[in-house]
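Take a look at the structure below. This short report walks through some of its helices and a few backbone angles.

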Amino acid sequence: MLQAIQGMRGLFYAHDYRGQPVIAMASSVTGSPWYLVSKVDAQEALTSRWDELWRIAAPVMAGLLCVWLVLAYMQHKAWRRERELKHLLELQVRQDPLTGVANRLALDERLREDWHRAVRHGTPLSVLMIDVDNFKRYNDHYGHVTGDQCLRRVAEVISTVASRATDLVARYGGEEFVVLLPDTPAERARSLAQAICTAVYETAQEHPYSTHEQRVTVSIGVADLTHDPASDRHFELVRKNLLERADAALYAAKSAGKNRVKWDEMVGGTGFEPVTPAV
């Protein structure tokens, strides 16, 4: 130990007679020229120290990792639940609470989307305006609870017929429904309207004030989108025109005796000729 021989005292790093690195401590012996030197191999000392630290740190790190995993899992569940609630809320905002079909907000949003698509690709877009015949008298006779059940049943029948993923059935207000039929030409829309009219009639819901075998029936007006370069850029004008034409056709169906389909005079160029009634 050269440093000890040279009179150094304290803890120091050195090499022993083998040339191996050691950590040594040298101190003088009182009343003697001798030095007391203690040493340990550096590798052994450091390895032992690191082993001791690892034995302490490993359980702590494992515990922290477990806590982090638990917190991450809980956070993931919270985010997932938040997304589910947000999606559910968005659905509820756009859903009619009575019948479960879309409401007017959802209708307006989809109509705008489908209108843009129809104008961009030059595809047809048709609308059905549906009204339950003599519903006020039905409601007055049976009461609102039964009236609500009737509306739900009619909504189910409409949704069963207009069942494509792209079709949208919406409650327009009161006993009125609207069916949005993207990429559907006028002839196909008329066929679907007749199928809905027939299907509602065949449910045979009793209606004492109906003129059609005392059954619940519907009248339907059909209109389709006509591409007009002057108005295609103004959605509100197109929306107003399309729904008003469907409503006018519906009024014509009502005036012609109910339980039937009529279409706007611009649909197929055939005027207000009725489809064969469902009776």
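## A predicted model

Keep in mind that this model is predicted.

## Helix α6

Start with α6, which covers residues 186-202. The helix has 17 residues. At 1.5 Å a residue, these should span 24 Å.

Which residues of α6 are buried? They are Ala186, Ala189, Arg190, Leu192, Ala193, Gln194, Ile196, Cys197, Val200 and Tyr201.

## α5 against α6

How do α5 and α6 pack? Their axes lie 9 Å apart, at an angle of about 140°. An angle over 145 degrees would count as roughly antiparallel. The two helices are therefore oblique to each other. Their crossing is right-handed.

On the α5 side, the contact uses Val154, Val157, Ile158 and Val161. On the α6 side, Leu192, Ala195, Ile196, Ala199 and Val200 take part. By class, this contact of α5 with α6 has nine nonpolar residues, no polar ones and no charged ones. Leu192, Ile196 and Val200 are also among the buried residues of α6.

## α4 against α5

Now turn to α4, residues 135-142. Helices α4 and α5 pack at an angle of about 135°, and their axes are 7 Å apart. That angle makes α4 oblique to α5.

From α4, the contact takes in Phe135, Tyr138, Asn139 and Tyr142. From α5 come His144, Thr146, Gly147, Cys150 and Leu151. The residues of this contact of α4 with α5 divide into five nonpolar, four polar and no charged.

## Positive phi angles

Most residues other than glycine have a negative phi. Ala204 comes after α6, and its phi is positive, near 55°.

Glu213 is not a glycine, yet it has a positive phi of about 55°. Glu213 sits in the loop between α6 and β7 (218-224). Is Glu213 buried or exposed? Its relative accessible area is 57%, so Glu213 is exposed.

Lys258 is not a glycine either, and its positive phi is about 70°. Lys258 lies in the loop between α7 (235-255) and β8 (261-263). With a relative accessible area of 22%, Lys258 is partly exposed.

Note on methods: Residues are numbered from 1 along each chain as its sequence is written. This is a predicted model: local features need pLDDT of at least 70, side-chain atom pairs count only at pLDDT 80 or more; totals for chains, interfaces and linings use all residues. Side-chain values use heavy atoms; hydrogens and water are left out. Helices (H or I, at least four residues) and strands (E, at least two) are DSSP runs, numbered from the N terminus. Buried means under 20% relative accessible area, exposed over 50%, partly exposed in between (1.4 Å probe, protein chains only). The expected span of a helix is 1.5 Å times one less than its number of residues. Axes are lines fitted to C-alpha atoms, for helices over the stretch in contact, and angles run from 0 to 180 degrees between N-to-C directions. Angles under 35 degrees count as roughly parallel, over 145 as roughly antiparallel, 65 to 115 as roughly perpendicular and the rest as oblique. A crossing is left-handed if the near helix is turned anticlockwise from the far one by less than a right angle, and right-handed if clockwise. Contact means heavy atoms within 4.5 Å. Ala, Val, Leu, Ile, Met, Phe, Trp, Tyr, Cys and Pro count as nonpolar, Asp, Glu, Lys and Arg as charged, and the others, Gly among them, as polar.
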